[in-house]
Amino acid sequence: MKTKGFAILLCTIMVAACSEDPYDKDTMRDEPNQPQSMRPSGPIEKRIEVPKVGNRKNLIVHSTVCDEDTIMTYCLEFEPQKYHSKWVAFRFDGITRQKSTGRQDFFDDDPSLPSNYQIGSKAFGTPYDRGHICASADRLYNEEANLQTFYMSNISPQLSSFNQHYWTRYESFVQNLGRNKNFADTLYVTKGGTISDDKIIGYVTRQNGTKIAVPKYYFMALLAVKNRKYNAIGFLMEHKDYGVKSADDVSINDVKTHVVSIDALEKFTDIDFFFNLPDEIENEVEAKVNENFWGL
């Protein structure tokens, strides 16, 4: 896919829609002329949705421009030895919750990665789909942003039954909350699949010999802020065939079975989520889950 240049979203931006959180350091907004695919030049690690970065050399940011304002599509930490992201982080706010385009469906290598870490855009082959981490439907506010969700750095080998039915149900759960401005001023999201040696199923091998890790578990970490009050929840699920035939077969009780606290998710994944929050807030919201708040 050739880069189309900046995709401009004509929208009216109310400052309050993106600044309800007093601890939010949305540094990309200070750099309106940065290219859409870039390595960060500012402290992108200060954004609340971004976990503690292990190796800044492997931090990749994709962004687009909205009414002369640079908006981060998502960022990720790539693990070159596994040819897979460690996590992908993004947010739903007054701009990014909008729906102004549709699914582009154009898989492509990530132009931010060196050629020796690109794996090609072809399908993984049976039984695996090219499963999104940041879903296509998570980024519908801008055509270019949606295209960026099809970069292979944001794609994971997922069992077809898991990707198309089970994972999709959790994606729609997040999207419904993220687009509901009455639920949250901002919903911070981090998703991923486990890629440590003891938490993978195995590898998918490309024709060139490249081996892509297949996660044994997938996770989501969510943090909602509404009127400066915070709530967090985690989801952790095994990567397997759950025997469902569609996302509609996954009930809200099924969703609830995979709820974990952020503290528990951090211990399992060895990822420090939402560490940019003040310690007293982080400690409180990560220790427990208010299931009623999340509609569970």
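**Close-up 1. Helices α4 and α5 pack at an angle of about 90 degrees.** In this predicted model, the axes of α4 and α5 (residues 279-287) lie 6 Å apart. That angle makes α4 roughly perpendicular to α5. From α4, the contact is made by Ile262, Asp263 and Glu266. From α5, Glu282, Glu286 and Ala287 take part. By class, the residues of this contact divide into two nonpolar, no polar and four charged.

**Close-up 2. The largest pocket has a volume of about 290 Å³.** Its lining consists of 18 residues. Closest to the pocket centre are Lys86, Ser196, Thr269, Asp270 and Ile271. What is the make-up of the lining of the largest pocket, in nonpolar, polar and charged residues? The lining holds five nonpolar, five polar and eight charged residues.

**Close-up 3. Tyr166 and Tyr242 form a stacked pair.** The model has a count of 19 aromatic pairs. A pair of aromatic rings is described by the distance of the centres and the angle of the planes. For Tyr166 and Tyr242, the ring centres are 3.8 Å apart. Their planes meet at 5 degrees, so the pair counts as stacked. Planes under 30 degrees apart are classed this way.

**Close-up 4. The Tyr166 and Tyr242 pair links distant parts of the chain.** Tyr166 sits in helix α2 (residues 160-178). Tyr242 lies in the loop between β12 (229-238) and α3 (252-256). The two tyrosines are 76 residues apart.

Note on methods: Residues are numbered from 1 along each chain as its sequence is written. This is a predicted model: local features need pLDDT of at least 70, side-chain atom pairs count only at pLDDT 80 or more; totals for chains, interfaces and linings use all residues. Side-chain values use heavy atoms; hydrogens and water are left out. On a 1 Å grid over the protein atoms alone, a cavity is a set of points where a 1.4 Å probe fits but cannot get out, and a pocket is an open set with protein on both sides within 12 Å along at least five of seven lines; lining residues have an atom within 4 Å of a point. Grid points are joined across faces, edges and corners, and a volume is the space filled by probe spheres set on the points. Ala, Val, Leu, Ile, Met, Phe, Trp, Tyr, Cys and Pro count as nonpolar, Asp, Glu, Lys and Arg as charged, and the others, Gly among them, as polar. Axes are lines fitted to C-alpha atoms, for helices over the stretch in contact, and angles run from 0 to 180 degrees between N-to-C directions. Helices (H or I, at least four residues) and strands (E, at least two) are DSSP runs, numbered from the N terminus. Angles under 35 degrees count as roughly parallel, over 145 as roughly antiparallel, 65 to 115 as roughly perpendicular and the rest as oblique. Contact means heavy atoms within 4.5 Å. Rings of Phe, Tyr and Trp (its six-membered ring) pair if their centres lie within 6.5 Å; planes under 30 degrees apart count as stacked, over 60 as edge-to-face and the rest as tilted.
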